[in-house]
Amino acid sequence: MASSLTRDDVAKVARLARLTLSEQELELFTEQLGGILDHANDMSSLDLSDLAPTAHPFGLVNVFRDDVVKPSLDRDAVLEEAPDAREGRFAVPRILGEAP
Amino acid sequence: MKTAVEIAQDVQSGASTATAELEKAYAAINARNEELNVFLHLDVAGATAIAADVDARIARGEKVGPLAGVPIAIKDNLCQTGVPTTCSSKILDGWKPPYNATVIDRLVAAGAVPVGKTNLDEFAMGSSTENSAFGPTRNPLDPSRVPGGSSGGSAAAVAADMTSISLGSDTGGSIRQPAALCGLVGMKPTYGLVSRYGLIAFASSLDQIGPFSKTVLDSAVLLETIAGYDPMDSTSLNEPAPSLSAHVNDGVAGKRIGLVKELYEGADDSVVAAVMSACEALKEAGATIVELSIPELQLGLSAYYLIAPAEASSNLARFDGVRFGLRVDAEDVTAMMEATRTAGFGAEVKRRIMLGTYALSAGYFDAYYGQALKVRTLLINAFKKAYEQADLIIGATTPGVAFKFGEKTDNPMTMYLNDVFTIPTNLAGDPAVSVPFGKGEENLPIGVQLLGPGRSEAQLFAAARVLEIADGR
């Protein structure tokens, strides 16, 4: 599959990834990401329909432990390192479009 | 500079103390850190307390571990309680983890003394440390050249005799490549052998923590110390840790070593010559060399540069200004997240997040990510077939010796090609070691790479030791 990555594609991906790109970065990334995807063309021509995908080298299976309460990280120690925390919680700017 | 094993012996016998060894390490660090930019943070107070504790235990006649009083450098993507951990990124600047990575706990339990955190390519994405938000690390052997990456700081710490051993992480070659460029032994262990708990994730199905050292024995002792099952990492192999240091001198008599042409073709002449003379040395030690071709390996780079960014784009979604590190304020939460990520991530990290997000996005998933996962299966099958004909595989670690700053930064593909020989191992989940063998241009070190099937660390160290002896060390 020939990469036909466009500037619009890159702009859309940037939105999905929550990144703001300058005009210059858009230009540069369109060219660079296109180049990397072009290199991946050596894979796209292969017929691998018989092969199962490997997402994990040794086949990841769920690991369970007994449902026993164990100590975990101290809440205050964790919140201490957050940019903003109030009343034992992480604090963020408003989430809804309108002020409450 | 003494080896880690020698330092531990001296400390245990009373010929030296952990405190004295720590003072020596800090003197060596202070002498060259400004020039080389190896350490981002020195935990002087913490290390001093750990060293004092080791000395007190020895004074009381208590048993101390195999790394008693040995100063060690830690890559700055490993969490250590209360010690700044940045991944060389502005997005984590100032964050102090509230817990220890499992490897840190195991090191301290073995008597080792973590002295500080070393520089890396931001979030371990790179092959030169030029992607660090805090400036590049310089190669101690030639400061006009890169130390390799992404664990460039951990390699430079040992190469500059600041510490005898260090920890790095290897996702596509990030231990073996800097080991080769700095003239060190460096191993990427079998996936799951070392707990990743507390290693800030880059690509979770590929990342492994591993050792750097001057000698094969030191790497074996260090890996033995950090290996073994950990319930805090669900991908940790639930089996006893292997015995490694006891097998370092097992040799290679009767072993079949596969010389794989895809793992040296295209490398500089001096590198190819080093691989060939390493084969001669193994033959003289009783091994048989089997010439092999594994054409599938050539697809490794393409598969890796879709799989690793795809996993990274997901892992790095957690850096959103809510829980740790940087926050750039904005009118609502989405704008805050976007402003934080835009200001906090460097260019290479953004490039890989973008690439991974694209490879996973609707309409492209099957063609890119899906196809890459199938290539991964193809590669694993090809390795399995090769290991029917050979016990271990030999090749080059890198296409050339340490390169100059800026030489490969214009085009990302040029930098990525430096990982072409190291990437296949990570995709397969297998172990591989780089061992210095011979010299190339400007008398710079060359790394020869030995690869093996899963859980072959003991045989790999034994083969590496044969090359170490043949190289006059």
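Q: How should I read the model and its numbering?
A: This is a predicted model: local features need pLDDT of at least 70, side-chain atom pairs count only at pLDDT 80 or more, and totals for chains, interfaces and linings use all residues. Residues are numbered from 1 along each chain as its sequence is written, with chains lettered from A and ligands numbered from 1 in the order in which they are written.

Q: Which residues of H1(A) are buried?
A: In H1 of chain A, residues 7-16, Asp9(A), Val10(A), Val13(A) and Ala14(A) are buried (20 or more other C-beta atoms within 10 Å of their own, C-beta atoms being placed from the backbone).

Q: Why do they line one face of the helix?
A: Viewed down the axis of H1(A), the buried residues fall within an arc of 135°, so they line one face. The arc is that of the directions from the helix axis to the C-beta atoms.

Q: What covers them?
A: The cover includes helix H2 (23-39) of chain A and H11 of chain B.

Q: And how many residues of chain B are in contact with chain A?
A: 54 residues of chain B are in contact with 44 residues of chain A (C-beta atoms, placed from the backbone, within 7 Å). H12(B) gives the most to that side of chain B, with 12 residues.

Q: Switching topic, how is chain B divided?
A: Chain B has domain 1 (4-246), domain 2 (256-299 + 378-470) and domain 3 (302-366), with bounds from an automatic or database domain assignment. The centres of domains 1 and 3 of chain B, taken over C-alpha atoms, are 27 Å apart.

Definitions and conventions
Contact = placed C-beta atoms within 7 Å. Helix = DSSP H or I, 4+ residues; strand = E, 2+ residues; numbered from the N terminus. Buried ≥ 20, exposed ≤ 12 C-beta atoms within 10 Å, placed from the backbone.
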